[in-house]
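Morning, everyone. I have one structure to walk through today, and I'll keep it short.

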Amino acid sequence: MTAPSTLSDRKAAIAAQFEPGSQVEVIAAPSWAGLSPSGAGLPDMPVSQVLALDPAWSRSELERCLKRFSTWPESSRLVIGFPNAGSASRILQLLSGESEMSAPWTDLQFRELVQANGLTVVTRKGFTSSDSVTQLAGHTERALRQLLVQLNEATADEWLLYQLAPPRERPQAPEGWVPGLLSVVMRNHSTSRLKLLDHAIFSLAAQAYRPLEIVLVTQSCEPGAVDQLGALLRRHQPIGGYTWKVVSEPSSRDIRARLVNVGFEHARGQYVAILDDDDVVFPQHYQRLIQRIRESDRAWAFAPVQRAYFKSTPSGGLYCTLRNMMPRSDAFRLAELAYDNYVTCHSYVIDRTRLGTFRPRFEESLDKGEDYVMVLRLMALFEPLATGGVPSAEYRIRDNGSNTIIHETSDGVLAQRIKKEWGIAIARQQDLTRPLQVLLTLGQVVQEARSGIDQADAASSPPNALRYRLVEVANASLKSKLPWIHSSLKSILGTRLEEKDSRDG
Amino acid sequence: MAATVPPTSEAPELVIGVVLFWNETAELERLLVSLEQARLTAGSPRFRLEFWDNSCSPEYRIRLETLGLHSVSYGSENLGFGRAHNRLMARAFSAPGVRWYLCLNPDAVVHPDMLSELLRQAARMNRPGLVEAIQFPVEHPKPYDAVTHATPWCSGCALLVSRELYETVGGYDEQIFLYCEDVDLSWRARASGFDIALAPQALIHHYTGDRPPGGRTRLEMIRAGAYLGQKWGGIDFSVARQGEYEALTGEPLKLPETPPPTEAMRGVAEFGHMFHFAKARW
């Protein structure tokens with residue numbers, strides 16, 4: 001939605017949010033002039049919607065007003081529209097000295113007030129603007145805006161509209177994440193996978209790291225599924241000493257990304273990790289990752305992973321035919337990670353206290369590569385720490401088509417279908433991640449480029465090595481586009497380029 | 001303190017033997033809790049726990065007593081893995097109702113279904129001698145038959161030994177202090193016509209992938225390998241290990257005399273794949 005520029009546009013935009021026929025009373029426009037700081041301007045008998053625009057009060061004034069509203073009947077609604085002081089445009093205008101802080105509230109500050117008063121957010125609408133707002137070069141402003149949006153999605157909103165409801169219960173202080181607690185989010189799609197899940201939980205029960213919480217989110221619609229999953233968790237709990245909860249998010253379609261996001265919302269831990277119901281972790285996995293995070297200033301760390309390939313046996317079991325290291329999972333290399341995903345979802349731990357307003361979320365518009373999009377978004381702002389060393393988790397791949405990747409399934413139709421779905425998913429992934437801005441120093445870029453060139457050189461015979469090919473391309477380009485510089489360089493470099501030119505004709 | 005597993009009044013069909021050597025208390029507590037979970041699982045056999053402590057330390061003895069362990073035997077010297085298990089095995093099978101003995105590592109965690117799955121696998125075999133639990137989360141790379149689950153040798157980490165096997169071929173070879181005694185017992189079982197197998201549904205959590213290789217560990221492994229090679233006709237393998245030992249210690253390795261291997265022994269021994277003793281799957 002584009003931000004309405006005039007007051008009447010804003011009113012129209014707000015009115016469009018309500019059901020036709022709703023009774024909306026505009027009590028203050030454009031600056032709450034009809035309301036006193038004590039909230040005395042609010043009607044005594046609440047109407048269904050009360051609209052207030054452009055609050056220009058101090059925090060304490062708005063707080064008093066919200067507190068008064070919190071005593072209204074449950075069916076009451078208060079709608080507040082205000083310019084977002086934390087929008088990318090305003091931040092950039094402020095930083096470039098082109099305006100003073102003109103709006104009193106950021107989205108985050110407003111939400112904190114709402115939460116502190118126990119109010120419920122019924123609707124939140126953001127209005128964006130793509131207009132250039134500074135004297136900066138257009139591409140620079142766009143890149144900076146993009147970075148801000150990646151860090152905090154609300155910076156995209158120039159203007160905000162909140163529809164609030166009074167609290168159902170007494171306001172409660174917001175709870176923070178439990179320090180030191182690791183929440184492992186698990187997702188489950190069906191009770192047909194209980195055997196796999198049992199192994200995954202058993203591997204968690206033997207983890208060296210404590211305290212541990214398991215949040216198992218299931219989309220199973222089968223009757224008794226939650227009880228069965230709870231029984232599995234209860235069975236291994238005496239060994240693992242963890243706390244656990246099962247969250248039901250029933251759905252008949254594949255909502256694998258949503259399951260993780262729901263798990264994140266229920267997770268209480270400072271640290272979060274993800275474990276799919278068909279993978280396993282080794283005993284030191286989380287201890288090693290969290291120790292490395294604590295010793296560093298990073299927000300997340302990943303460990304090397306090994307892959308295990310299983311064939312189905314006639315009795316319905318699984319027979320492991322091969323184990324090997326997941327390529328490249330021993331180190332962080334931006335270009336390689338941007339090319340394809342080697343940071344599997346169970347290979348990392350995130351410290352949520354180091355992410356600021358960034359909220360890790362799987363991409364719900366995808367059911368393949370949904371974790372990859374989050375990894376790229378995370379990596380763009382928060383450079384991960386790679387523990388290196390021996391693998392401490394295992395990615396399990398079966399031949400019966402029950403993975404999202406294709407591996408030796410004999411079902412040609414299934415393989416074709418998965419391949420086609422992957423093609424669509426990859427295109428979508430690329431659309432979503434192509435605009436990402438990445439925080440990286442030039443030194444890191446050079447180091448990575450050099451590493452890539454050295455590898456290419458090592459893999460090639462000397463005349464075809466990448467560095468020679470690059471020199472050739474640069475030489476030809478210089479000669480055709482800037483011949484006078486080419487001549488000067490030739491005279492400086494002496495005979496080598498002459499010889500090459502004569503050789504190339 | 002962890003829940004302990006007291007002996008039951010009913011005669012068990014299974015005795016579980018655990019040989020200790022300075023194991024961490026937390027490790028033992030976890031093992032005991034996991035055994036208690038197995039006991040509560042439907043289909044698990046009745047069992048009794050027996051410990052043998054090789055630590056030979058009054059201090060460690062106090063720790064074990066504090067833990068509330070029942071049935072601990074304290075040796076006056078470190079007998080090593082095989083000899084200690086042999087003591088426990090002899091005692092276990094002296095009771096007529098005991099059909100099985102389970103060698104169990106103290107640093108392992110038992111899956112609740114492990115005991116019932118081990119017995120289920122044994123029931124599928126014609127002449128069950130040994131059944132090993134599959135190690136988890138990373139199994140040993142040695143092969144096994146995907147249908148019968150027969151395997152060239154069984155690991156001693158969680159190894160079910162049948163009474164018939166014990167009474168026919170005995171326990172572990174007491175010439176071996178540590179390592180490879182399970183390979184030797186497996187080959188003796190096969191050479192005597194017993195079936196040995198892995199139980200893929202019986203999980204024992206035992207992970208050593210992050211342990212640094214120790215010098216003493218390596219020497220014990222080399223010594224055991226050299227002896228195994230000499231006993232079972234892997235002369236080249238044995239000589240190579242003796243050379244390694246001498247290179248590491250500066251002293252020649254003295255091995256006890258062994259009779260020449262029989263044809264049946266040569267038929268089961270496999271020295272072409274180093275300490276895997278079989279062609280590894282990966």
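I'll take the interface between the chains, then a sheet in chain A, then the domains of chain B.

One caveat before the details. This is a predicted model.

Start with the interface. 21 residues of chain A are in contact with 21 residues of chain B. Which elements of chain A each supply at least two residues to that side? They are helix 6, residues 194-205, helix 7, residues 225-240, and strand 13, residues 318-325. Strand 13 of chain A gives the largest share, six residues. By class, the side of chain A that touches chain B holds twelve nonpolar, six polar and three charged residues.

Helix 7 of chain A meets helix 1 of chain B, residues 25-40. Their axes come within 8 Å and cross at roughly 155°. Angles over 145 degrees count as roughly antiparallel. Therefore helix 7 of chain A is roughly antiparallel to helix 1 of chain B. Which residues meet there? From helix 7 of chain A, we have A:Arg235, A:Pro238 and A:Ile239. From helix 1 of chain B, we have B:Arg30, B:Val33, B:Ser34 and B:Gln37. That contact has three nonpolar, two polar and two charged residues.

Next, the sheet in chain A. It is an open sheet of seven strands, in the order 8-7-6-9-14-11-15. Pairing is mixed. The edge strands are strand 8, residues 243-248, and strand 15, residues 385-386, of chain A. Each of those two pairs on one side only.

Look at strands 9 and 14 of chain A. Strand 9 covers residues 269-276, and strand 14 covers residues 348-351. The two run antiparallel, joined by three bridges. A:Ala273 stands opposite A:Val349 of strand 14. Helix 9 of chain A, residues 285-295, packs on this sheet. Helix 9 touches strands 6, 9, 11, 14 and 15 of chain A. Its direction makes about 40° with that of strand 14.

Stay with A:Val349, which sits in strand 14 of chain A. Is A:Val349 buried or exposed? The cut-off for buried is 20 or more other C-beta atoms within 10 Å. A:Val349 has 27 such neighbours, so this residue counts as buried. A:Ala299 is 50 residues from A:Val349 along the chain, yet their C-alpha atoms are separated by 8.6 Å.

Over to chain B. The domain assignment gives domain 1, residues 14-205, and domain 2, residues 215-276. Their C-alpha centres lie 24 Å apart. In contact are 14 residues of domain 1 and 14 residues of domain 2 of chain B. On the domain 1 side, that is ten nonpolar, one polar and three charged residues.

Last stop, B:Thr258. Where is B:Thr258 found? In the loop between helix 8, residues 235-249, and helix 9, residues 263-268, of chain B. B:Thr258 has 14 C-beta neighbours inside 10 Å, so it counts as partly exposed. Beyond four places in sequence, B:Thr258 touches B:Gln230 and B:Lys231. B:Gln230 is 28 residues away in sequence, and 7.3 Å away in space, C-alpha to C-alpha.

That's the tour. Thanks.

How values were computed
Residues numbered from 1 in each chain as written. Chains lettered and ligands numbered in written order. Predicted model: local features only at pLDDT ≥ 70, side-chain atom pairs only at ≥ 80, totals over all residues. Contact = placed C-beta atoms within 7 Å. Helix = DSSP H or I, 4+ residues; strand = E, 2+ residues; numbered from the N terminus. Nonpolar A, V, L, I, M, F, W, Y, C, P; charged D, E, K, R; others polar. Buried ≥ 20, exposed ≤ 12 C-beta atoms within 10 Å, placed from the backbone. Axes fitted to C-alpha atoms, helices over the stretch in contact; angles between N-to-C directions. Parallel < 35°, antiparallel > 145°, perpendicular 65-115°, else oblique. Domains from an automatic or database assignment. Pairing = 2+ DSSP bridges.
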